[in-house]
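Me: I am new to this structure and would like to learn how to read its features one at a time. Please give the general idea first, then the case at hand.

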Amino acid sequence: MPISSQEHGTWRTRQLQGAQFVRTEHAVPITIDEFAVAQRFYPIIFATGDNPVPLALMGLNEGVNTFFGEDGMMVQDAYLPAYIRRYPYMLARLRPDTDELSLCVDPTANAIGAFDEGEPLFDGDQPSTAVKAILEFCEQFEQAGQRTAAFVAELKELDLLIDGEVTIQTDENSQPFIYRGFQMVAEEKLRDLRGDTLRKMMKSGLLPLVHAHLFSLSLMREIFGRQVAQGAVPEATSA
C-alpha cells in the first residue's frame, strides 16, 4: 500500500515487536554489502533460476527458521539482515511508465495507522523525520540490491555458479540428510580462472565476496545442529 499525505496525513508509524513474517522462512535475501558480517552467522547460498539472488540460510528445510521463535523474536544474538530490518516498508514502482519509486507499507503489519502512540508520518504535507529515515534506509537497500545484481551477473558471466548439494551423515541415522535446490560458486572453476581475471576480481572486490560465500558454507552443519536441538529435523531423505 503506497503511503501518501492525502490518505495518511494524520497517521503514525510505530515499531513492530518481533518479525512474525520471517519465523517460517528458512532463507532471506541479503546484499553483498552484508556478506562480511552475515557469513559469520549464516550460510550464504544463491537461489536457483535465471536470476539468482544471494540468500542467508536460517534453516535447511522449508518452514524451519532456527533463529526466530514463535513470537517472532530472535532466539540468540545474530546479525539481522537488512531485508528483515526494512520490513514492513519497501520502495515500489507504482506505474510501468516511470522510474519513480514510492514508499509502500505492508498493510497487514499494523505498523501505520491512526494510533495515539508512535511517530507522525507527515509534517504538514511533507514526510516527517521518521519517514525520511525510513526512506533513506529503503533507498540504501535498493542501491545495495543493484550492486548485488551486478555481482551475480558477473558470476554468471564467468560461469562460476553450479547446483549445490550438501550431505550430512549422523550417527543416529543410517541414511544421510541430503540438501539440494540451491546454487553455489564452484571452487574448481574459481581455481582454474586465468591470473588476469583473478586480479580483476580482486580489484573490483568480487573475489573477497566469493570467498565470504565459500567460507560461510561450513555453517551448514551448524544450522543442521540447531535444527536437531530444536527437534526440527525431518526424516533422512533428500530435501
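Me: Where is Ser216 found?

Reply: Helices and strands are DSSP runs numbered from the N terminus, a helix being H or I with at least four residues and a strand being E with at least two. Ser216 belongs to helix 7, which covers residues 206-216. The model is a predicted one, in which local features need pLDDT of at least 70 and side-chain atom pairs count only at pLDDT 80 or more, while totals for chains, interfaces and linings use all residues. Residues are numbered from 1 along each chain as its sequence is written, and side-chain values use heavy atoms, with hydrogens and water left out.

Me: Is Ser216 buried or exposed?

Reply: Buried means under 20% relative accessible area, exposed means over 50%, and partly exposed lies in between (1.4 Å probe, protein chains only). Ser216 has a relative accessible area of 0%, so Ser216 is buried.

Me: What does Ser216 touch?

Reply: Contact means heavy atoms within 4.5 Å. Not counting residues up to four places away in sequence, Ser216 touches Gln39, Tyr42, Pro43 and Ile44. The side chain of Ser216 reaches the backbone nitrogen of Ile44 at 2.8 Å.

Me: Which residues touch the most other members of the largest nonpolar core?

Reply: In soluble globular proteins, nonpolar side chains tend to be buried together. A nonpolar core is defined as a set of buried Ala, Val, Leu, Ile, Met, Phe, Trp, Tyr and Cys residues joined through side-chain atoms within 4.5 Å. The largest one here has 49 residues, and Tyr42, Phe151, Leu155 and Val210 touch the most other members. Helix 7 gives the most to this core, with 6 residues. A second, separate core has 13 residues, including Ile3, Leu91, Leu103 and Leu121.

Me: What is the relative accessible area of Tyr42?

Reply: The value for Tyr42 is 0%, so Tyr42 is buried. Leaving out residues up to four places away in sequence, the contacts of Tyr42 include Phe67, Met74, Tyr79, Ser216 and Leu219.

Me: How far apart are the end C-alpha atoms of helix 4?

Reply: The expected span of a helix is 1.5 Å times one less than its number of residues. Helix 4 (residues 129-157) has 29 residues and should span 42 Å; its end C-alpha atoms are 42 Å apart, which agrees. Among the buried residues of helix 4 are Ile134, Phe141, Phe151 and Leu155. Helix 4 is followed by Asp159, whose phi is positive, near 55 degrees.

Me: How many aromatic pairs does the structure hold?

Reply: A pair of aromatic rings is described by the distance of the centres and the angle of the planes. Rings of Phe, Tyr and Trp (its six-membered ring) pair if their centres lie within 6.5 Å; planes under 30 degrees apart count as stacked, over 60 as edge-to-face and the rest as tilted. The structure holds 7 such pairs. One of them, Phe21 with Tyr87, is stacked, at 3.9 Å centre to centre and 25 degrees between the planes. These two residues are 66 residues apart, and the pair links distant parts of the chain. Phe21 is partly exposed at 25% relative accessible area, and Tyr87 is partly exposed at 24%. Ring pairs link Phe21, Tyr83 and Tyr87 into a cluster.

Me: Which ring does the charged end of Arg226 sit over?

Reply: A charge sits over a ring if NZ of Lys or CZ of Arg is within 6 Å of the ring centre and within 35 degrees of the ring normal. The charged end of Arg226 sits over the ring of Phe67, 4.0 Å from its centre. Arg14 lies over the face of Phe115, at 3.6 Å from the ring centre.

Me: Which residues is Asn110 in contact with?

Reply: Apart from neighbours within four places in sequence, Asn110 is in contact with Arg14, Leu16 and Phe115. Asn110 and Arg14 are 96 residues apart in sequence, and their C-alpha atoms are 8.6 Å apart in space. Asn110 counts as partly exposed, at 43% relative accessibility.

How values were computed. A polar contact is a pair of N or O atoms within 3.5 Å; within protein, one must be able to donate a hydrogen and the other to accept it, and residues adjacent in sequence count only if both atoms are side-chain atoms.
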